[in-house]
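I'd like to walk you through one protein chain, so please keep the picture in view while I talk.

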Amino acid sequence: RSDKMMRVIPGSSIKGVLRACAERIMNTLRKPDEPSSGKRDDFLGQLDADPLVKALFGARGKGKKEKAQDAVEKGTDGKQWAEGLSALFVDDCHCTDDALQREEWEALFSAKNTKQLQDTIGEDRLKTWKPAFHVAIDRFTGAAAENQLYSVLEPFGGDWEPLCLQLDLKRLPDDRKDAAKALLLLVLRELAQERIPLGFATHRGMGAIKVQNIAFEVEEGSFPVSSLAPGDFEDVEKMQAFGKLNEAWQDYLRAHGMLEDQQVR
């Protein structure tokens, strides 16, 4: 077992948040063939309907019943490689600050009150870890629950590794490569403009991040720039470099009935 407790955001969690953003973008533009019935399968079917999201992030996971049905329809045991493998890979992101030793972590759990907790953490640790007080919410009334005050040891600040995304262009269909790259840039724009929280308890005000720079290490001709700052997304002149991707994006939307008279950029 490891002797250190480190802060980490799993790559699967980051990818899931980015996929949800891409689905939100596409479903905002797409007109469903018919209203959802409210059933789970219909809802998931609408999310999985856009081929561009599927090409970029892969097909959604299937349950046991769906896998068994696929095996029956294909006449196989269901162990072959499935279609819809993701073209986007996301690495785990670790905090580079000193990790808590296991003994320190166990001591935190044994603290009886806030004073003991603060003494256990120490002054240096208080720079990136801090006890915060919350009131539980009554699920029936939506108000503060009586006698339900609790504290949480919240990590904040600290230095983190860069988020690392890898896009395998070979896994994208030739007629969708530029449109998929355009969709990925739209998702990165949402991330850079602080509209996508990451990590635990994002609905409780946690998970805010600040993007300093987006750097590209690319094959020749795959992207027109080597880096982007968050403010560059609002710079019309700098965005003109993505004219080819913008045209492919609009062609894709037009081909799938999502672009009419208005221009979508």
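Of the 265 residues in this chain, 30% are buried. Please keep in mind that what you see is a predicted model. In terms of secondary structure, the chain has 9 helices and 10 strands. How much of the contact in the chain links residues 24 or more positions apart? Among contacts with a separation of 6 or more, such pairs account for 62%.

Let's go inside. In soluble globular proteins, nonpolar side chains tend to be buried together. Here, the largest nonpolar core has 44 residues, and those that touch the most other members are Ile25, Met26, Leu183, Leu185, Ile214 and Trp249. Two or more residues each come from helix H1 (11–29), helix H3 (51–57), strand S3 (88–90), H7 and helix H9 (243–255). Which of these elements gives the most to the core? That is H7, with 11 residues.

Leaving aside residues up to four places away in sequence, Leu183 touches Ala22, Ile25, Met26, Leu52, Val53, Leu56 and Trp249. There is also a second, separate core of 5 residues, and Leu100, Leu108, Ile121 and Trp129 are among them.

Now for the empty space. Rolling a probe the size of a water molecule over the atoms shows where empty space is left. The largest pocket here has a volume of about 1900 Å³. Its lining consists of 49 residues, and Cys93, Glu161, Pro162, Leu163 and Cys164 lie nearest the centre. Sorted by class, that lining has 30 nonpolar, 9 polar and 10 charged residues. Several elements supply at least two lining residues each: strand S2 (8–9), strand S7 (144–155), strand S8 (165–167), helix H7 (177–192) and strand S9 (214–215).

How many disulfides does the model have? The count comes to 0. Take Cys164: the closest cysteine sulfur is that of Cys93, and the two sulfurs are 9.7 Å apart, so they are too far apart for a bond. Cys164 is partly exposed, at 32% relative accessible area, whereas Cys21 is buried, at 1%.

Next, some residues away from the core. Thr28 belongs to helix H1 and is exposed, with a relative accessible area of 62%. Thr28 and Met258 are 230 residues apart along the chain, yet their C-alpha atoms are separated by 9.3 Å. Glu234 sits in the loop between strand S10 (227–228) and helix H8 (236–239), and at 57% relative accessibility Glu234 counts as exposed. From Glu234 to Arg189 is 45 residues in sequence, and 9.5 Å in space from C-alpha to C-alpha.

Last stop: the backbone. Asn147 is not a glycine, and still has a positive phi of about 60°. Asn147 is part of strand S7 and is exposed, at 73% relative accessible area. Glu194, also not a glycine, has a positive phi of about 60° too. Where is Glu194 found? Look in the loop between H7 and S9, where Glu194 counts as partly exposed at 48% relative accessibility.

That's my tour, and I'm happy to go back to any part of it.

Note on methods: Residues numbered from 1 in each chain as written. Predicted model: local features only at pLDDT ≥ 70, side-chain atom pairs only at ≥ 80, totals over all residues. Heavy atoms only, no water. 1 Å grid on protein atoms, 1.4 Å probe; cavity = no way out; pocket = protein on both sides within 12 Å on 5 of 7 lines; lining within 4 Å. Points joined across faces, edges and corners; volume = space filled by probe spheres on them. Helix = DSSP H or I, 4+ residues; strand = E, 2+ residues; numbered from the N terminus. Nonpolar A, V, L, I, M, F, W, Y, C, P; charged D, E, K, R; others polar. Core = buried A, V, L, I, M, F, W, Y, C linked by side-chain atoms within 4.5 Å. Buried < 20%, exposed > 50% of the residue type's maximum accessible area, 1.4 Å probe, protein only. Contact = heavy atoms within 4.5 Å. Disulfide = S-S within 2.5 Å.
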